[in-house]
Amino acid sequence: MSRIPTALPRAGDDAGPVTGRNEAARNQRLRIRVEPRSAPPVPAKDGGALPSAGGSAMPLEELSRDERLYRMRHSAAHVMAEAVLELFPEAQFAIGPPIDNGFYYDFLLPRALTPEDLPEIEARMRTRMKSNVPFEHSEMPRAEALRHFAAQPFKLELIEGIADDTVSLYRQGEFLDLCEGPHVARTGDVPPFKLTSVAGAYWRGDEKRPMLQRIYGALFESQDELDDYLGRLEEASRRDHRKLGRELELFTTNELIGAGLPMLLPKGATIRRLLEEYILEQERQAGYQHVYTPVLGKVELYKTSGHWEHYKDGMFPPMQLEHEELVLRPMNCPHHILIYQSTLHSYRELPIRIAELATMYRYEKSGVVGGLSRVRAMTLNDAHIFCTPGQAKAEFAGVMRMVERAYRTLGITDYAYRLSLRDPDDHEKYVQDDEIWEVGERVIREAMAELGLPFYEAPGEAAFYGPKLDIQLRDILGREETVSTIQVDLHLPKQFDLAYIGEDGAHHRPVIIHRGVISTMERMLSYLIELYAGAFPAWLAPVQAMVIPIADRHGDYAHEVLGELRTAGFRAEVDARNDRMNAKIRHAQLQKVPYMLVVGDREQDARAVAVRTRAGEDLGTMPIFQFIDRLRDEVSTSQDPEVAGPDVGGRRQSEGAG
RNA sequence: GCCGGCGUAGCUCAGUGGUAGAGCAGCUGUUUCGUAAACAGCAGGUCAUCAGUUCGAAUCUGAUCGCCGGCUCCA
């Protein structure tokens, strides 16, 4: 098992007092990275590197890379705060921790910053660094610190949170900040950096508290590394599924439909259909039974399930009818439970696995929706496994194996398992019943142990009804996103008073395992678009081959080729536009079509096609049937991951794509 | 939901108070071409929406909708 002791930021540290449970989770996440990725490291979105336990006296060269970066980023944040205070003497400053890829500092300023302000702040920072003044550590009695920061309410609040009688401070030049360090020795030790953006951020991450202005900076030890990072930012925007979705005609949005309600165009719909067909077949083989249930239900149903109490904010408001209130379902579990309940069940029938490609509607806040990855209408590859408590572990393990297999087929390699637990202090969000949490957690832990799969823990990330095992995918920038999730639920069986008849003839309560393997079609599609940069493997490509007639007289033959391909079950098109062959090739290339089949006089005479790949490779001329065999082999190989050999494990190095 | 930025043709973008522009894509015609862009012409916009300021608004102001970067939240 890969758990590594948690080392939360210390109180008094810049990064410390603000740490809410999410930030704590992020900090934790960093420490459990299981398999080191080969260079360059793409750390998680937030959290920063490990601070050294020692003081700042140790020379930088003797520290680990993570510790050096931690100090440099932290120090850069201080220098930035100094520069901002110089620009806005009335500014209040809050916290400025190092984070992955750089640092930030939060301020309350008399006016809104714009990106145009960043060069000015950067210039002032560079002046500070040139002067190469030392970072000096000192301590001060609490009372004195409270006086010193009398005009800085955020600092006062941080001091209030420190238990000691003395507080730790760092000074560089005229700038004195509440801080536990450590720092680099002098401002001149801060390496290349670039201020990247300004954004709003709540004080202490609490939406009920003031909105501050946060300035983000990127910082690495060398200009090359910084350039590399900035290059990755560009690569990420090239791969952005919203951009590719438009260019490759995968999906579209429209103001008239509303935010978070994208529409899949034929090509995007083709990919989704392929994903659905794949997973439905996997489930059929694994003994799942597929059902259809409505997307609406009475409010009563969700009161019974507990959604109304714990998940109301995520639901669209009810529709008032004459004698009842209906809501759009935010989850599918209640409906599947009613299917289970529609008849009496014997222990001999269990486990019963009820599955559905089920559409649900969630009222996501307006500021968070976008593209396909965060939507208000989503279709989940959902299933609920009703089993005996004794079967839960094996069923859970079976789901994990299905996830591993599906990911291998989809080419997803960069992910981590997260055990999402409740925040025991949050009584509003989570159902209050210690036993269901303990039992659920135990099932997950034991199953993961038997499978030998590593995971990290995240308190405060559970579903309201139980703990879950989330599969966290990482994008090219290292940002994590929950996709597949498996949950062990003892709450809903209780709420609905579910039962099966046991060997002893008495009623027993089943356990429900909720799970999504592909997860929501929308989010998985957005991830795959970015993973493959739009260049889908042949089995998923919306158009697998583009037939390109060289001149008009080859049009009939091109359509014959098209017919052969379609008869063989492939997705192909003919580019019959009045364009030169070069233009057609370019067009197919930009559309990332895997194969271009050029047909001219020679091919027509030989009933052949000249095959070019989107990588620019010329495979030469071959008979149509030979190309069809080749494509068939390619597709069946990618859809059967066992051919590539079993490869169970957590995070693996991404091979990239495109 | 909150902070900030943005919204001009299908796409990418010019246009800062005086009658709306380009390239690509589209359509039509010419060309019939051998592995990443042939040539010519045509067509295409109540400048997101609504209200206001002004003799006059794409341009200034406000509200609403949508998009983007974050925060909070999340599959």
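**Figure 1. Side chains and RNA strand B.** A base nitrogen of RNA strand B is 3.3 Å from an N or O atom in the side chain of glutamate 364. This is a predicted model, in which local features need pLDDT of at least 70 and side-chain atom pairs count only at pLDDT 80 or more, while totals for chains, interfaces and linings use all residues. Residues are numbered from 1 along each chain as its sequence is written, chains are lettered from A and ligands numbered from 1 in the order in which they are written, and side-chain values use heavy atoms, with hydrogens and water left out. Asparagine 578 has a polar side-chain atom 2.3 Å from a base oxygen of RNA strand B.

**Figure 2. The protein surface around RNA strand B.** A residue is near a strand if one of its heavy atoms lies within 4 Å of it. Which residues come nearest to RNA strand B? Of the 60 residues around RNA strand B, these are Tyr202, Arg374, Thr482, Asp552 and Asn578. Helix H17 (residues 581-590) gives the most to the surface near the RNA, with 7 residues. On the RNA side, 51% of the atoms within 4 Å of the protein belong to sugar or phosphate, and the rest belong to bases.

**Figure 3. Chain A as a whole.** Chain A has 19 helices and 28 strands. Helices (H or I, at least four residues) and strands (E, at least two) are DSSP runs, numbered from the N terminus. Of the 658 residues in chain A, 53% are buried. Buried means under 20% relative accessible area, exposed means over 50%, and partly exposed is in between (1.4 Å probe, protein chains only). A contact means heavy atoms within 4.5 Å. Among contacts between residues at least 6 apart in sequence, 71% join residues at least 24 apart.

Figure 4. Two strands pair if DSSP finds at least two bridges between them. Strand S5 (residues 166-172) is joined to S4 by 7 bridges, and the two run antiparallel. Glutamate 136 has arginine 171 in S5 as its bridge partner.

**Figure 5. Aspartate 165 in a loop.** Aspartate 165 is found between helix H5 (153-160) and S5. Is aspartate 165 buried or exposed? Its relative accessibility is 64%, so aspartate 165 counts as exposed. Apart from neighbours within four places in sequence, aspartate 165 is in contact with Met140, Pro141 and Arg142.

**Figure 6. Histidine 183 and its polar contacts.** Histidine 183 lies in the loop between S6 and strand S7 (193-202). With a relative accessible area of 0%, histidine 183 is buried. Its side chain makes a polar contact of 2.8 Å with the side chain of serine 75. The side chain of histidine 78 is another polar partner, at 3.4 Å. A polar contact is a pair of N or O atoms within 3.5 Å; within protein, one must be able to donate a hydrogen and the other to accept it, and residues adjacent in sequence count only if both atoms are side-chain atoms.

**Figure 7. Arginine 214 in strand S8.** Strand S8 covers residues 211-219 and includes arginine 214. Arginine 214 counts as buried, at 12% relative accessibility. Polar contacts join its side chain to that of aspartate 106 (2.7 Å) and to that of tyrosine 216 (3.2 Å). Beyond neighbours within four places in sequence, residues in contact with arginine 214 include Tyr104, Asp106 and Ser197.

Figure 8. The structure holds 0 disulfides, a disulfide being a pair of cysteine sulfur atoms within 2.5 Å. For cysteine 387, the nearest cysteine sulfur is that of cysteine 333, 15 Å away. Cysteine 387 counts as buried, at 0% relative accessibility.
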